[in-house]
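Hi everyone, thanks for coming. Let me put the structure up, and then I'll walk you through it.

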Amino acid sequence: MKRISAWGYAMTSVDELGPRRKAEQVRIRKALDELHKDRKESLKGEEEKAVAFVKEGLCIGCDHCSIVCDDDAIELYAKPLASPVMDVDVNKKAKIIRDPCTGCRLCVLACPTDAIVMLDR
Ligand code: SF4
Ligand code: SF4
(Lines give C-alpha, C1' and ligand atoms only; values in the text may rest on other atoms or scores of the structure.)
(Ligands and ions follow the chains in the order given, each with its own letter.)
Protein backbone atom coordinates (compact mmCIF):
# COMPACT_ATOMS: atom_id res chain seq x y z
CA MET A 1 0.00 0.00 0.00
CA LYS A 2 1.26 3.49 -0.92
CA ARG A 3 2.22 5.87 1.89
CA ILE A 4 0.84 9.36 1.54
CA SER A 5 2.91 12.44 2.46
CA ALA A 6 1.65 15.33 4.61
CA TRP A 7 0.94 17.22 1.35
CA GLY A 8 -1.18 14.39 -0.06
CA TYR A 9 1.37 12.96 -2.53
CA ALA A 10 2.05 9.21 -2.91
CA MET A 11 5.53 8.52 -1.49
CA THR A 12 8.21 6.33 -3.08
CA SER A 13 8.56 3.08 -1.13
CA VAL A 14 11.94 1.63 -0.14
CA ASP A 15 11.42 -1.21 -2.66
CA GLU A 16 10.86 1.31 -5.46
CA LEU A 17 13.80 3.48 -4.48
CA GLY A 18 16.60 0.99 -5.38
CA PRO A 19 15.58 0.48 -9.04
CA ARG A 20 14.84 4.19 -9.49
CA ARG A 21 18.24 5.17 -8.11
CA LYS A 22 19.95 2.59 -10.36
CA ALA A 23 18.14 3.92 -13.43
CA GLU A 24 19.15 7.50 -12.56
CA GLN A 25 22.81 6.44 -12.12
CA VAL A 26 22.80 4.85 -15.58
CA ARG A 27 21.13 7.91 -17.13
CA ILE A 28 23.59 10.38 -15.55
CA ARG A 29 26.65 8.22 -16.43
CA LYS A 30 25.47 8.03 -20.05
CA ALA A 31 24.90 11.79 -20.25
CA LEU A 32 28.38 12.54 -18.82
CA ASP A 33 30.06 10.04 -21.18
CA GLU A 34 28.30 11.67 -24.15
CA LEU A 35 29.34 15.14 -22.98
CA HIS A 36 32.99 14.09 -22.65
CA LYS A 37 32.90 12.34 -26.02
CA ASP A 38 31.59 15.48 -27.73
CA ARG A 39 34.18 17.68 -26.02
CA LYS A 40 37.06 15.31 -26.85
CA GLU A 41 36.07 15.36 -30.51
CA SER A 42 35.97 19.16 -30.53
CA LEU A 43 39.49 19.48 -29.10
CA LYS A 44 42.19 20.47 -31.50
CA GLY A 45 45.30 18.60 -32.65
CA GLU A 46 46.94 15.26 -31.88
CA GLU A 47 48.44 14.75 -28.42
CA GLU A 48 52.12 15.10 -29.26
CA LYS A 49 51.49 18.16 -31.42
CA ALA A 50 49.27 20.04 -28.97
CA VAL A 51 49.92 22.13 -25.89
CA ALA A 52 47.40 23.48 -23.39
CA PHE A 53 46.78 27.20 -22.93
CA VAL A 54 44.79 29.00 -20.20
CA LYS A 55 42.55 31.93 -21.14
CA GLU A 56 43.30 34.08 -18.13
CA GLY A 57 39.99 35.96 -18.16
CA LEU A 58 38.00 32.73 -17.73
CA CYS A 59 40.21 31.17 -15.05
CA ILE A 60 38.78 31.26 -11.52
CA GLY A 61 41.83 29.69 -9.87
CA CYS A 62 39.97 26.60 -8.67
CA ASP A 63 43.07 24.38 -9.06
CA HIS A 64 41.17 21.47 -10.67
CA CYS A 65 43.54 21.46 -13.65
CA SER A 66 46.77 21.16 -11.66
CA ILE A 67 45.26 18.35 -9.58
CA VAL A 68 44.57 16.21 -12.67
CA CYS A 69 47.80 17.07 -14.50
CA ASP A 70 50.22 14.15 -14.05
CA ASP A 71 53.10 16.01 -15.67
CA ASP A 72 53.52 19.01 -13.36
CA ALA A 73 52.79 21.25 -16.30
CA ILE A 74 50.45 23.69 -14.53
CA GLU A 75 51.17 26.21 -11.84
CA LEU A 76 49.00 28.79 -10.12
CA TYR A 77 50.18 32.35 -9.68
CA ALA A 78 48.78 35.25 -7.67
CA LYS A 79 46.89 37.83 -9.70
CA PRO A 80 45.59 41.03 -8.06
CA LEU A 81 41.87 41.60 -8.61
CA ALA A 82 40.99 44.24 -11.16
CA SER A 83 38.21 45.72 -8.99
CA PRO A 84 39.21 47.63 -5.83
CA VAL A 85 35.66 47.22 -4.39
CA MET A 86 36.02 43.45 -3.98
CA ASP A 87 37.95 42.30 -0.94
CA VAL A 88 39.50 38.93 -1.81
CA ASP A 89 42.71 37.92 -0.06
CA VAL A 90 43.97 35.49 -2.67
CA ASN A 91 43.12 35.60 -6.34
CA LYS A 92 44.88 32.98 -8.43
CA LYS A 93 45.18 32.04 -12.06
CA ALA A 94 46.60 28.94 -13.71
CA LYS A 95 49.32 28.88 -16.31
CA ILE A 96 50.72 26.08 -18.44
CA ILE A 97 54.42 25.31 -18.50
CA ARG A 98 54.90 24.38 -22.14
CA ASP A 99 57.85 21.95 -22.01
CA PRO A 100 56.45 19.31 -19.63
CA CYS A 101 52.92 19.52 -21.16
CA THR A 102 52.26 16.28 -23.06
CA GLY A 103 49.01 17.50 -24.63
CA CYS A 104 46.92 14.83 -22.84
CA ARG A 105 43.89 17.19 -22.44
CA LEU A 106 42.98 16.03 -18.93
CA CYS A 107 43.06 19.64 -17.74
CA VAL A 108 40.62 20.69 -20.49
CA LEU A 109 38.11 18.11 -19.28
CA ALA A 110 38.60 19.10 -15.63
CA CYS A 111 38.19 22.87 -16.03
CA PRO A 112 34.70 24.01 -14.94
CA THR A 113 34.85 27.29 -16.85
CA ASP A 114 36.26 26.07 -20.19
CA ALA A 115 39.28 28.29 -19.63
CA ILE A 116 41.77 25.83 -21.16
CA VAL A 117 42.15 25.27 -24.88
CA MET A 118 44.58 23.16 -26.88
CA LEU A 119 46.87 24.90 -29.36
CA ASP A 120 49.19 23.53 -32.01
CA ARG A 121 52.79 23.45 -30.78
S1 SF4 B 1 47.34 18.84 -21.46
FE2 SF4 B 1 47.85 17.24 -19.94
S3 SF4 B 1 50.06 17.55 -19.55
FE4 SF4 B 1 49.31 19.43 -20.55
S5 SF4 B 1 48.78 20.79 -18.86
FE6 SF4 B 1 46.89 19.69 -19.44
S7 SF4 B 1 46.84 17.90 -18.06
FE8 SF4 B 1 48.93 18.72 -17.99
S1 SF4 C 1 40.61 24.30 -13.80
FE2 SF4 C 1 40.22 26.08 -15.16
S3 SF4 C 1 39.37 27.66 -13.79
FE4 SF4 C 1 40.33 26.10 -12.48
S5 SF4 C 1 42.44 26.88 -12.13
FE6 SF4 C 1 42.52 25.50 -13.92
S7 SF4 C 1 42.25 26.86 -15.69
FE8 SF4 C 1 41.60 28.00 -13.90
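The protein chain has three helices and four strands, taken as DSSP runs numbered from the N terminus, with H or I of at least four residues for helices and E of at least two for strands. Along the sequence, they follow the pattern α-β-α-β-β-α-β.

A word on the source: this is a predicted model, where local features need pLDDT of at least 70, side-chain atom pairs count only at pLDDT 80 or more, and totals for chains, interfaces and linings use all residues. Residues are numbered from 1 along each chain as its sequence is written, while chains are lettered from A and ligands numbered from 1 in the order in which they are written.

Now the ligands. Around ligand 1 there are 14 residues (C-beta atom, placed from the backbone, within 6 Å), and Cys69, Ala73, Cys101, Cys104 and Cys107 come nearest. Ligand 2 is also surrounded by 14 residues, the closest being Cys59, Cys62, His64, Cys65 and Cys111.

Let's stay with His64, which sits in helix α2, residues 64-68. Beyond its neighbours within four places in sequence, His64 is in contact (C-beta atoms, placed from the backbone, within 7 Å) with Ala110, Cys111 and Pro112.

Finally, the whole chain: buried residues make up 12% of its 121 residues.

How values were computed. A residue is buried if 20 or more other C-beta atoms lie within 10 Å of its own, exposed if 12 or fewer, and partly exposed in between; C-beta atoms are placed from the backbone. Two residues are in contact if their C-beta atoms, placed from the backbone, lie within 7 Å.
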